[in-house]
Amino acid sequence: SFVFPTLSIFFPSLVPLCFLLSLQGLQGTRKKLGLYKLSGKRFMLAYCNSIGNIYLQLGKFSNQDGLTESVGANLHEAKIVFSKGGKVDDIRITMLGSDRFLIVYTEYQSGGKLMAVAGEVLRDDVVAFGVPIELASTGVRHIAAAPIGSDRIAIVFTHMKHHPDHKKGGCLVILAHSPEFKHIEIASEKGQCVANIGSTVDGLNMVLPTAHGVEATLAAKDVKLTVVYRDLITRNTVVQNIVVHERSKEELKKIAEKQTQQQVTAAAVRQPLAGAGNETAGANATATAGPQQQQQRQQERASSDDSAAKSVVESLGKYWSTVNGPVTIHDYAARLKDLKLEALTNTYVMVVYAEQQSSGIMVIDVSGETPFVAAPPMIFSNKNVQSIGVHVQNYETVLISYSFSKPVPLTSMVKVHIDMNGGGRMHVQDSFISSHHVTHSQVLAMDDNTFLFGMLYRAQEANVLGSGAIVAGAYGHIIGVAASGAIPGSKAPVLLSGVSTHHRSLYPGRCYYASATGTISLHPSDIPMGFSVSDSELLLFAPGCKSAAH
């Protein structure tokens, strides 16, 4: 079983890169921010504003192994990849390979039209797009997307209150894309839902439970998806499994043959004497038919089978689903501010939520038909968090960005380590990032030791509309001073900050450094430990003490 985590502080090395996102319109709740990893240490920054512009910026991350001070990133000029006369109400970008992606978005002033377009990053400043397609003509509100194979994408969306299907919950549809990738089309029956999820819902998210970093392959016949949403009737946060089934060509032909036989039988009942007296002629025609005629009849029969199979697809749909019962993981979350869902493995997913009084993490076991909570939520903030960003670095390490404005503005990042082999023990490290008023943030791990942190500031920050920042950082090592004596191999309490008082014969007013032997010394090294305030007291990590590199 899972146990409650420990909490500590880590100190990343940060290099801020401030940039202007847009000259207008970045006010309100519609603006979004995303960071996505590309090949060759490249990354893509995506954001949109409330006047309908969707921007992409490409960049390249740089760092020198072993030198955390060398991390940095270069951003190319922002490009508007879509500009709509109406507002973009929601947007989701889903990576479908190292440099390929799908953008799904809604147009608010078009009545909630749902659109999708595939794209590919070719070079540092070149992005190619396919032709956008319409998934729903009107009334779409929330959207979520998840790849279910190398050539299939699941899309789920909810409807606005005025739409007649508002109370039918999330509508699941399937998209197909070509190997060239920039062509997409609706693979499921157009105008119909493969599955309806919940009744009246919001905050909808969806994932395919799979091991992080595993490349998508051809979709299996049966694919299990996991969704999380808030039920607006009960106000509960709910997790649910949906299995999407794909009918094979052979199954479609069998169904078509059965339907054809039923039609023939029905016709024979209605017209029992139809064709009477022609049996001999028909038999003679068959007997005298030559090889060419027989081949032609076989081709006609095969064509008829294909047409029948196509008819079955049009009537029943190529896809169908099994929707398992919902499970409540959070009671009455009436003041839910944000909700995220990420896959850890094919067995576990992580739910991260923010509400007015607290924000927390849940690990959910989705291996069976019905999901269940593997442990009580781990609370990482008791403030009024505005929004959260989540990035899965690997199956046991997750990065979370969050910000709040009261009592003082603060943006932070937590690094969550989940020990799956040790009973699910979670260890959380928290780090301060910025003191600006931040409305949206997102974090992206570039490798095991470095990351990017993106932020959108409130409009009045720095007197610049639509300003934001990218922070390139590296994880620092947690270093402290033993608070008591201990023999080698045993455990001892460790001080990470404040004043260490267990010293002898220090020189007051001097900086002390960590040595290779594990002791402190006056000889400068790369790790300054603190400033001596007396002959026995050391102020740990005093700002006036610099490393030997400086």
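**Entry 1: a loop residue.** I found V533 in the loop between β40 (528-532) and β41. Strands here are DSSP runs of E with at least two residues, and helices are runs of H or I with at least four residues, both numbered from the N terminus. This is a predicted model, where local features need pLDDT of at least 70 and side-chain atom pairs count only at pLDDT 80 or more, while totals for chains, interfaces and linings use all residues. Residues are numbered from 1 along each chain as its sequence is written, and side-chain values use heavy atoms, with hydrogens and water left out.

**Entry 2: a surface patch.** V533 forms a nonpolar patch with V499 and L539, with about 220 Å² of accessible area together. I wrote down the rule: patch residues have over 30% relative accessible area and no salt bridge, and nonpolar side chains (Val, Leu, Ile, Met, Phe, Trp, Tyr) are joined within 5 Å. A salt bridge is a side-chain nitrogen of Lys or Arg within 4 Å of a carboxyl oxygen of Asp or Glu. The areas come from the Shrake-Rupley method with a 1.4 Å probe.

**Entry 3: the sheet.** I saw that V499 stands opposite L539 in β41. Strands β37 and β41 (residues 538-540) pair in the antiparallel sense over 2 bridges; pairing requires at least two bridges found by DSSP. The open sheet has 5 strands in the order β37-β41-β40-β38-β39, with antiparallel pairing. Its edge strands, β37 (499-500) and β39 (520-521), each pair on one side only.

**Entry 4: the cores.** Which residues touch the most other members of the largest nonpolar core? In this core of 22 residues, they are M350, F380, V398, I400 and V416. A nonpolar core is a set of buried Ala, Val, Leu, Ile, Met, Phe, Trp, Tyr and Cys residues joined through side-chain atoms within 4.5 Å. I noted that β29 gives the most to this core, with 4 residues.

Leaving out residues up to four places away in sequence, V398 touches residues including L344, M350, V390 and V416 (contact means heavy atoms within 4.5 Å). Another core, of 21 residues, lies apart from the largest one and includes I197 and V223.

**Entry 5: the whole protein.** I counted 3 helices and 41 strands. Of the 550 residues, 46% are buried.

Note on methods: Buried < 20%, exposed > 50% of the residue type's maximum accessible area, 1.4 Å probe, protein only. Patch = residues over 30% accessible without salt bridge, like charges linked within 9 Å, V, L, I, M, F, W, Y side chains within 5 Å.
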